[in-house]
Amino acid sequence: MYLRVVILIVLSYIRYSNQNIDNCERMESTDVIIVGAGLTGMTLARNLAQKGIKFIILEARDRVGGRIHSIKKEDGAVVEMGATWFFPHFNNLFKLLKQIKVDLEGQFMKGYTMYESDKKIPARKVYSSGDDDMFRVKGGTSQIIEKLYENIERDQVLLKQKVTEIRKSSEGMEVISNGQIFKSRRVVTTVPQQLLANSVKFSPALSSDVMGILKNTHTWMGDSVKGAVTYKTPFWKENNLSGALYSNVGPFVQMYDQSSSDGKGFALVGFLDGSISHLSLQER
C-alpha cells in the first residue's frame, strides 16, 4: 500500500511538472542563447553578430550592463556603481576598446591623498604628482556597453528574463524563463558562478564536482559596497587634494575623484565598510 501511494505521488508530480512545461510558451529556435547582458554577454553577442550567427540574450535585470553601471545624476556627475578602473595589463579589454572606439583617461590623483589609520590619530597626507597606472573610461564605463549595444538588434536582447532552468533535449537546448521556452543549439551562461548554481536548475543535472566548483568560486568584488557623493564644485582640487582616501575608520574605506570628463559634474566615489550592507536605505 505504501509503495503504491509513493508511485502515485511520483506519477502525479511528473504529470504536474510536464503540464507546467506544456503550458510554457515555446519561442522560435535560435543558434545560441546567451544568459546575461553584462560585458561578457554583450561582447560575445557582438562577435556572433559579426559572424552571422543567430542569438538572443536573456537578461534578468531591466537594463543591459550587468555589473557595469554608470549613473548620471541630476547635477551632471557620472558616478560608477559598478566596474570603474582600467589597468595596463588588461590586454584583451584594451583591444576591444580600440575596436569599438572607446577612450580612456587617467584617474585624477594629483595632490594630497589622505590616509586614516585610527580615529585617535590625525590622518596623514601624502603628495602625489598624479602619475599613476589607474585609468577610467571617458564618459563612464557604460560607454563600453553602449558601443557594444550599437552592433546588436534590440529584439535580440530580452530584458526582465529570469532564467530558472536549462535543459538538454533531443533537439538541442532549452532555456525556461518567465513561462517561456527558448530553444537553441548552444547555451552560454555569463552570470557569476555562485548565482548560476543557486538560481538555475540543470537537466540533466551537472556533476557534483562541477556544482562544487560553481558554488565555491568567489565572485570578484561581489561583496563590495560602493557609495557616491556629488558636489557643485570640486573643493578637493581647490585645496590641493587628490580626492583619494584610504581609511581604517570608515564609513568609506577607499575613495577617489570621479569628476565628469566634460568638467560639468563633480563627485567622490568609493568603497564603503562592509557593515554598511546591513543598514536600511534610510540609515545609509
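Colleague: At roughly what angle do the axes of helix 3 and helix 4 cross?

Modeller: Please note that this is a predicted model. The axes of helix 3 and helix 4 come within 10 Å of each other. Their crossing angle is roughly 55°.

Colleague: How are helix 3 and helix 4 oriented to each other, and which residues of helix 4 make the contact?

Modeller: Angles under 35 degrees count as roughly parallel and those from 65 to 115 as roughly perpendicular. The helices cross at roughly 55°, and helix 3 and helix 4 are therefore oblique to each other. Helix 3 contributes Leu96, Leu97 and Ile100 to the contact. On the side of helix 4, the residues are Ile144, Lys147 and Leu148.

Colleague: What is the orientation of helix 2 and helix 4 to each other?

Modeller: The axes of helix 2 (residues 39-50) and helix 4 (residues 142-149) come within 9 Å and cross at roughly 30°. Angles under 35 degrees count as roughly parallel. Helix 2 and helix 4 are therefore roughly parallel to each other.

Colleague: Which residues make the contact of helix 2 with helix 4, and how many of them are nonpolar?

Modeller: Helix 2 passes helix 4 in a left-handed crossing. Leu39, Met42, Thr43 and Arg46 of helix 2 are in contact with Ile144, Ile145, Leu148 and Tyr149 of helix 4. By class, one residue of this contact is polar and one is charged, and the number of nonpolar residues is six.

Colleague: Which residues of helix 3 meet helix 2?

Modeller: Helix 2 and helix 3 (residues 91-100) pack at about 55°, with their axes 13 Å apart, and this crossing is left-handed. From helix 2, the residues involved are Leu39, Thr43 and Arg46. Those they meet in helix 3 are Leu93, Leu96, Gln99 and Ile100.

Colleague: Which element gives the most residues to the largest nonpolar core?

Modeller: That core has 22 residues, and those touching the most other members include Met42, Val64 and Ile144. Strand 2 (30-35), helix 2, strand 3 (55-58), helix 3 and helix 4 each supply at least two residues. The element that gives the most, with four residues, is helix 4.

Colleague: Which residues does valine 64 touch, leaving aside those up to four places away in sequence?

Modeller: Valine 64 is among the members of the largest nonpolar core that touch the most others. With residues up to four places away in sequence left out, its contacts are Ala37, Met42, Ile145, Tyr149, Val157 and Leu159.

Colleague: Is glutamate 165 buried or exposed?

Modeller: Glutamate 165 belongs to strand 12 (residues 163-169). Its contacts, not counting residues up to four places away in sequence, include Val175 and Val200. Buried means under 20% relative accessible area. Because its relative accessibility is 14%, glutamate 165 counts as buried.

Colleague: How far apart are the C-alpha atoms of valine 249 and aspartate 118?

Modeller: Valine 249 is placed in the loop between strand 17 (241-247) and strand 18 (252-257), and is partly exposed at a relative accessible area of 27%. Not counting residues up to four places away in sequence, valine 249 touches Glu116, Ser117, Asp118 and Lys119. Valine 249 and aspartate 118 are 131 residues apart along the chain, and their C-alpha atoms are separated by 6.1 Å.

Note on methods
Residues numbered from 1 in each chain as written. Predicted model: local features only at pLDDT ≥ 70, side-chain atom pairs only at ≥ 80, totals over all residues. Heavy atoms only, no water. Axes fitted to C-alpha atoms, helices over the stretch in contact; angles between N-to-C directions. Parallel < 35°, antiparallel > 145°, perpendicular 65-115°, else oblique. Left-handed = near helix turned anticlockwise from the far one by under 90°. Contact = heavy atoms within 4.5 Å. Nonpolar A, V, L, I, M, F, W, Y, C, P; charged D, E, K, R; others polar. Core = buried A, V, L, I, M, F, W, Y, C linked by side-chain atoms within 4.5 Å. Buried < 20%, exposed > 50% of the residue type's maximum accessible area, 1.4 Å probe, protein only.
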